[in-house]
Amino acid sequence: MLSIIIPTYCEEDNVHPVVARIRAALDSHLEYEIVFVDDNSPDKTVARVTELQKQGAPVRVIVRQDERGLSSAITRGFREARGDLLLCMDADLSHPPEAILEMVRTQQAQQADMVIGSRYIAGGKTEEGWGLFRWLNSRVAGLLARPLTAVRDAMTGFFVMPRPVFERAKDLNPIGYKFALELIIKCPCRKVVEIPIFFADRQRGESKLNLREQARYILHLKRLYDYRYGRASRFVQFCLIGASGVVVNLLTYAILLRLGLMPGLAYALAIWVSMTWNFWPNHYLTFDLTAHHPVWPRYGRFVVTCAFGAVVNWSITMALLHNVAWFSAHEYIAALAGIATGTVFNFLISHDWAFRGPRLTK
Ligand code: GDD
Ligand code: MN
């Protein structure tokens, strides 16, 4: 049996239309149920579903009293669904119910781990008149996920998967709203098939995904990268933060020189400022999303680490300059090699010592 999970929040005007279109598309083709997961909407969403249920439609509703959130709602629906095939879609008819049958058949024919109704493969489309911002936003969000998956539309909320694949998911962390992406990484879904759909604009009610959700997407990505690539992912974050630290270092140095400080003192201060600048994002982001660790011991250890890193940097640069003839003519490259080695050293000690302790791994 197919279970269609529809998360809802304030969708009273969409319940009847979406059910009608699903029925028109599926009745007499396959056995299915529709499970709405509503977060106690203050409008008549729940009443609309119960009405339909009384009229004998294959629908029911789970009402969550004190939880909010798209992905956790879908998770709840998947867990309580009766079907061996789990599909999720939006209530607002952006996702065409007419595509469901083909998605299910494709899943069965190809034994896919997931079938996605996709906007971004040949034949797929979004409504005309997506403004440049919305379009860019969607494409950039997709690009950022490319190193995680080759799926073109992993950002979707319209997909179907067999229950056993869903149950393989360990460590689900349904905070972000890109739930398909989360499942692709964590189940993991090896065979993902996309079939083209036309993604229509919502006609009734309002979208719930605001800028705050978009910001959370970045955190969601960070977590998925860490989950998938572990230390390498953290190294990239460490380097990006380090690069911003170089800019801060040079700026501070320039400002302090302008203020008339002696170069030696100015540069020492600039190092301290940039080190402190680097500390915070590493503390909150690279090494711990939740940051339950006491700050100052970490800060102290980070300062010590950076000092050692500087010694490594200096020693390597000097060793190259004095022992390899080629480098005496290319002293900047010697310095770069020193910086690279120092950075790797810094990172490894930060990873295993300065920022040690339990880490969020989901
Ligand atoms: N239960 C519950 N709780 N449902 C929610 C919540 C929530 O906190 N937030 C949103 N929903 C429901 C809406 O009622 C709707 O049925 C569906 O989730 C999608 O919400 P929209 O507000 O219409 O989102 P959207 O159109 O901006 O985003 C859709 O497209 C994105 C890709 O462009 C969603 O499908 C996203 O998952 C998808 O990433
Ligand atoms: Mn929508």
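**Close-up 1. Helix 10 and helix 12 come within 7 Å, axis to axis, in this predicted model.** Helix 10 covers residues 295–323. Helix 12 covers residues 331–354. Their axes cross at roughly 150°. Angles over 145 degrees count as roughly antiparallel, so helix 10 is roughly antiparallel to helix 12. The crossing of helix 10 past helix 12 is right-handed. Which residue classes make up this contact of helix 10 with helix 12? The residues divide into 17 nonpolar, nine polar and three charged.

**Close-up 2. The shell around ligand 1 holds 25 residues.** Pro7, Ala73, Ala91, Gly157 and Lys208 come nearest to ligand 1. Three elements each supply at least two residues of this shell: strand 1 (2–8), strand 2 (32–38) and helix 3 (70–80). By class, the shell around ligand 1 has nine nonpolar, seven polar and nine charged residues.

**Close-up 3. Domain 1 meets domain 2.** The domain assignment of the chain places domain 1 at 2–229 and domain 2 at 231–354. How far apart do the C-alpha centres of domain 1 and domain 2 lie? The separation is 44 Å. Six residues of domain 1 and five residues of domain 2 take part in the contact. On the side of domain 1 that touches domain 2, three residues are nonpolar and three are charged. No polar residue is found on that side of domain 1.

Technical notes. Residues numbered from 1 in each chain as written. Chains lettered and ligands numbered in written order. Predicted model: local features only at pLDDT ≥ 70, side-chain atom pairs only at ≥ 80, totals over all residues. Domains from an automatic or database assignment. Contact = placed C-beta atoms within 7 Å. Nonpolar A, V, L, I, M, F, W, Y, C, P; charged D, E, K, R; others polar. Near = placed C-beta within 6 Å. Helix = DSSP H or I, 4+ residues; strand = E, 2+ residues; numbered from the N terminus. Axes fitted to C-alpha atoms, helices over the stretch in contact; angles between N-to-C directions. Parallel < 35°, antiparallel > 145°, perpendicular 65-115°, else oblique. Left-handed = near helix turned anticlockwise from the far one by under 90°.
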